[in-house]
Amino acid sequence: MPRAFTPKVITANDLLEGDVIYFTAQDTWTRELSEAELITDEAEAQLRLIEAEKQNIKIVGAYLADAKAGPNGPEPTHFREEFRRTGPSNYFHGKQEAEANV
Amino acid sequence: MYKYNEFDEAFLAERNAQFRAQVERRIDGSLTEDEFKPLRLMNGVYLQLHAYMLRVAIPYGTLNSGQMRTLALLAEKWDKGYGHFTTRQNIQYNWPRLRDLPDMLDALGEVGLHAIQTSGNTIRNTTADHFAGAAADELTDPRPYAELIRQWSTDHPEFQFLGRKFKIAITGSGSDRAVIKAHDVGLQVVEQDGKTGFKVIVGGGLGRTPMIGQVLREFLPQADLLPYLESVLTVYNVLGRRDNKYKARIKITVSENGIDTYRAMTEEAFMAIRGQYDGTDQELLEEIKTHFAAPEFRSGSTEAFDAAYANDPVFRAWADTNLHPHRKGDHAIVTISVKAHGATPGDATGEQMRVMADLGEQYAYDELRISHQQNVILPHVHKNDLPAIHAKLKQHGLATANVGLISDIIACPGMDYCALATARSIPVAQEIATRFDELKMEHDIGHLQIKISGCINACGHHHVGHIGILGLDRAGVENYQITLGGDATETAAIGTRTGPGFAYDEIVPAVERIVEVYMAQRESAEETFLETYRRIGMEPFKAALYPEAQKKVA
């Protein structure tokens with residue numbers, strides 16, 4: 001039995017800032033994981049990744065990351081993606097800092 | 001210390017201009033990321049978890065106050081106000097933007113610093129004993145040789161695309177403070193029949209296959225250093241595996257082929273290469289040596305030091321812990337701990353860097369060092385200046401008296417920053433340091449080195465920690481393996497794993513239990529943790545760490 005497909009989001013880093021970004025259903029990039037497109041079909045995920053990688057001039061290192069549906073959009077399932085979503089634990093830097101300044 | 005000449009300055013300016021153009025071409029789309037990545041890596045630019053990271057070389061860990069101020073400038077102008085000193089005598093900036101990187105490199109270039117070969121499959125920053133030129137036990141200052149290696153290896157066409165990165169370390173003392181046995185090539189300056197040369201050690205390294213280096217040559221004459229190194233690298237370049245990047249290090253090459261075969265091939269290559277060196281390198285070496293002449297040490301009484309030592313217990317604790325014997329009796333080597341309890345190991349703010357630069361300029365003949373243990377050194381300080389230095393350090397959170405103690409932890413950036421990491425290192429280090437500070441035990445515990453890595457690549461040197469901690473991902477949860485008995489010195493050893501790993505919230509209590517065993521079992525306060533471990537072995541520690549397993553055995 002093939003393993004069941006785990007839903008994914010497409011994530012990358014912004015070319016200029018290096019900041020963690022996510023691909024939306026509208027083919028744009030957002031800094032909020034909650035605004036990312038949650039892809040539930042494996043074949044669709046590969047096609048969407050190809051679509052995302054076409055924007056090479058804006059992004060670096062796109063890949064598919066495991067995610068799950070949450071009440072406010074996609075959420076990480078692994079601690080690595082949780083750290084990417086928030087920022088480092090030793091300083092209030094990264095996204096946690098950026099969001100506090102909004 | 002070495003000062004760039006016109007050739008060096010022009011080379012660096014041209015190199016930086018090339019990189020500026022490459023960045024522009026990446027931004028306008030002329031270069032793809034696949035094309036750009038090797039170019040940025042050649043200039044020390046990584047992409048990490050949250051941002052780009054710039055790794056700057058501090059050659060053999062030596063810098064002057066002007067250079068330290070520039071490091072502070074980079075932190076404050078283009079980053080978030082701090083930098084991170086690493087185990088390879090580099091500094092890393094964790095938050096630069098792509099457009100700013102060329103300006104950062106230009107600023108570095110103006111003071112003779114660069115980021116060349118701080119990444120990529122090439123010869124990396126040659127590291128050295130951080131007490132070089134100052135230590136009482138030193139035979140010869142190794143830094144001129146390190147500078148010669150730097151000039152030889154920079155942009156060396158044969159060694160820009162090696163199978164993997166290649167690390168060289170050098171010491172001029174019998175006491176190994178440069179971890180030479182855990183490098184691809186370790187060099188120890190030695191004398192034979194009144195002549196200076198090197199003991200050459202190859203095939204050491206940590207990572208997923210930790211190995212202690214083996215002696216390739218007991219004595220290599222000084223004049224043969226570059227042709228011999230070139231021979232070692234040439235054999236590695238030919239013989240080293242490229243089918244599997246995890247097996248592409250010289251330690252694997254030496255291990256698979258045997259040290260005798262490696263030695264024979266190196267000697268054969270050496271015979272062919274030696275004649276190509278016409279002595280120009282030795283003329284250059286003599287010129288380089290003039291840059292490393294000892295400062296004119298001032299003399300005078302040490303009354304102020306003696307009085308502070310006798311009357312101020314806080315100063316005395318700091319002096320007992322953070323000073324090291326200098327080759328001149330009325331001087332001392334000062335290690336400034338950038339490991340305040342609960343702080344990130346190796347991080348210094350721009351302000352702290354400027355304070356240390358000022359102290360270096362005022363009291364240390366304009367010299368500072370970065371240690372592989374992620375601290376900053378004032379290598380030459382007259383003892384009478386120590387009370388003033390201590391007072392200044394206290395004002396800026398830099399007077400923690402913990403060098404060599406349990407809170408003087410080496411920790412890699414781990415998953416808080418590093419794209420390769422599998423677990424966090426920094427918060428584990430912070431919690432251990434905080435816990436033992438609260439217990440007020442660390443001076444009683446004495447010399448004990450904890451080293452933490454956030455992945456199998458072992459940037460935190462966990463294999464050679466007295467207590468080593470390796471963070472892993474076990475089924476989506478952070479898990480920490482412990483090793484005991486590692487040693488980073490001239491008696492180098494790889495630590496032994498205790499058993500199953502511990503969850504994140506279990507690792508600090510586990511370290512406490514290890515320390516409790518040591519405190520209960522040591523024969524006296526003078527017997528160090530490592531000595532006790534070597535005397536009593538692993539079992540008492542395992543019994544404390546895994547009491548349930550002991551019950552089952554019973």
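## Close-up views of a predicted two-chain model

**View 1. The interface between chain A and chain B.** Chain A and chain B bury about 2400 Å² between them, with 57% of that area on carbon and sulfur atoms. Buried area here is the accessible area (1.4 Å probe) that two parts lose on being put together, summed over both. The size of an interface is often given this way, as the accessible area lost when the parts come together. A:L16, A:F79 and A:F83 supply 23% of the area that chain A buries against chain B, more than any other three residues. The contact (heavy atoms within 4.5 Å) draws 25 residues from chain A and 36 residues from chain B.

This is a predicted model: local features need pLDDT of at least 70, side-chain atom pairs count only at pLDDT 80 or more, and totals for chains, interfaces and linings use all residues. Residues are numbered from 1 along each chain as its sequence is written, chains are lettered from A and ligands numbered from 1 in the order in which they are written, and side-chain values use heavy atoms, with hydrogens and water left out.

**View 2. Polar contacts and the chain A side of the interface.** Between chain A and chain B, 12 residue pairs are in polar contact, both residues at pLDDT 80 or more. A polar contact is a pair of N or O atoms within 3.5 Å; within protein, one must be able to donate a hydrogen and the other to accept it, and residues adjacent in sequence count only if both atoms are side-chain atoms. On chain A, the elements that give two or more residues to the side touching chain B are β1 (8-14), β4 (59-70) and α2 (79-86). Helices (H or I, at least four residues) and strands (E, at least two) are DSSP runs, numbered from the N terminus. Helix α2(A) gives the most to this side, with four residues. The residues on the chain A side divide into 10 nonpolar, nine polar and six charged.

**View 3. The salt bridge between the chains.** The count between chain A and chain B is one salt bridge, that is, a side-chain nitrogen of Lys or Arg within 4 Å of a carboxyl oxygen of Asp or Glu. The side chains of A:E97 and B:K80 meet at 2.8 Å, N to O. A:E97 lies in helix α3 (residues 95-100) of chain A and B:K80 in the loop between α3 (65-78) and β4 of chain B, so the pair joins two chains. A:E97 is partly exposed, at 22% relative accessibility. B:K80 is also partly exposed, with a relative accessible area of 32%. Buried means under 20% relative accessible area, exposed over 50%, and partly exposed in between (1.4 Å probe, protein chains only).

**View 4. Salt bridges within each chain.** Over all chains, the structure holds 43 salt bridges. In one of them, A:R85 pairs with A:E82, the closest N and O atoms being 3.0 Å apart. Both residues lie in helix α2 of chain A, three residues apart, about one turn of the helix. A:R85 is partly exposed, at 27%. A:E82 is partly exposed, at 27%. On chain B, B:E286 forms a salt bridge with B:K289, with the closest N and O atoms 3.7 Å apart. Helix α9 (residues 280-291) of chain B holds both B:E286 and B:K289, three residues apart. B:E286 is partly exposed at 43% relative accessibility, and B:K289 is partly exposed at 27%. A network of salt bridges links A:D14, A:D19, A:R31 and A:K95.

**View 5. The buried side of helix α17(B).** In helix α17 (residues 529-536) of chain B, the buried residues are B:F529, B:L530, B:T532 and B:Y533. They cover an arc of only 160° around the axis, which puts them on the same side of α17(B). The arc is that of the directions from the helix axis to the C-beta atoms. Their cover includes β18 (467-474), β19 (477-484), β20 (496-497), α16 (507-521) and α18 (539-545) of chain B. Just after α17(B), B:G537 takes a positive phi of about 80°.

**View 6. Two glutamines with positive phi.** Most residues other than glycine have a negative phi. B:Q89, not a glycine, has a positive phi of about 55°. B:Q89 sits in the loop between β4 (82-85) and β5 (90-93) of chain B, and is buried at 0% relative accessibility. B:Q374, not a glycine, has a positive phi of about 70°. B:Q374 sits in the loop between β14 (368-370) and β15 (376-382) of chain B, and is buried at 1% relative accessibility.

Technical notes
Ala, Val, Leu, Ile, Met, Phe, Trp, Tyr, Cys and Pro count as nonpolar, Asp, Glu, Lys and Arg as charged, and the others, Gly among them, as polar.
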